[in-house]
Amino acid sequence: MDAIEALVTRKSSAKLTTPAPGKEDLKIMMQAAVRAPDHCRLRPWRFIVVEGDAREKLGGIFEKALKARDPDATEAMLQKERGKPLRAPMVIVVIARIEEHPKVPKVEQILSAGAAAQNIMLAAHALGYAGIWRTGKTCFDPKVNAALGASETDQIVGFLYLGTAERMPILPDESVDEYVEIWDG
């Protein structure tokens with residue numbers, strides 16, 4: 001698949017099954033990730049690949065964090081939280097490694113990690129896989145951050161759920177005209 005086709009045909013798929021990307025495909029996806037725009041070459045990214053039984057451990061981290069955030073969480077809520085990483089055969093946690101820098105504000109470092117995440121999603125699509133980028137309270141939970149070895153200043157930008165689509169959603173073609181404005185000064 002060429003680059004333009006990948007860009008204009010990628011869509012999120014929440015229903016994922018095996019196979020997940022293998023080692024060689026994962027390497028290609030990571031090569032794409034580190035080509036993201038990066039002011040001053042800070043390389044403000046960290047990628048944690050979670051597969052197999054490790055997904056259950058990640059689910060345990062999610063569950064403990066929910067219990068701490070919401071002591072009144074029901075067993076059904078806790079079970080749902082625990083099961084989230086099992087919705088795909090592979091989860092990649094994308095973390096923005098934030099550092100103080102005189103030329104590169106925090107927001108640029110987070111955007112760079114977001115661009116790296118998008119490059120992973122595009123590369124996965126080009127390689128024939130599907131996925132969905134998930135965020136939510138779990139991304140911003142300091143307990144999840146700490147359990148994944150991130151510093152207090154780091155920011156999880158997303159959990160990329162990857163695998164093979166059970167069925168691809170049908171999305172209508174969308175006109176870009178309502179989002180684009182030509183400014184003439």
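In which helix does Ser-112 lie? Ser-112 belongs to helix 5, residues 106-126, where helices are DSSP runs of H or I with at least four residues, numbered from the N terminus.

Before I continue, a note on the model. This is a predicted model, in which local features need pLDDT of at least 70 and side-chain atom pairs count only at pLDDT 80 or more, while totals for chains, interfaces and linings use all residues. Residues are numbered from 1 along each chain as its sequence is written, and side-chain values use heavy atoms, with hydrogens and water left out.

Ser-112 is buried, at 5% relative accessible area; buried means under 20%, exposed over 50%, and partly exposed in between, with a 1.4 Å probe and protein chains only. Its side chain reaches the backbone oxygen of Pro-37 at 2.6 Å. Ser-112 also touches Asp-38, among other residues, contact meaning heavy atoms within 4.5 Å.

The structure holds five of them. Asp-38 pairs with Arg-43, with the closest N and O atoms 2.7 Å apart. Asp-38 is buried at 14% relative accessibility, whereas Arg-43 is partly exposed at 32%.

Glu-63 forms a salt bridge with Arg-82, the closest N and O atoms being 2.5 Å apart. This pair links distant parts of the chain, with Glu-63 in helix 3 (residues 54-69) and Arg-82 in helix 4 (residues 75-83), 19 residues apart. Glu-63 is buried at 12%, and Arg-82 is partly exposed at 28%. Together with Glu-75, Glu-63 and Arg-82 are linked in a network of salt bridges.

Note on methods: Helix = DSSP H or I, 4+ residues; strand = E, 2+ residues; numbered from the N terminus. Polar contact = N/O pair within 3.5 Å; in protein donor to acceptor, adjacent residues only side chain to side chain. Salt bridge = Lys/Arg side-chain N within 4 Å of Asp/Glu carboxyl O. Lists of a residue's contacts leave out its neighbours within four places in sequence.
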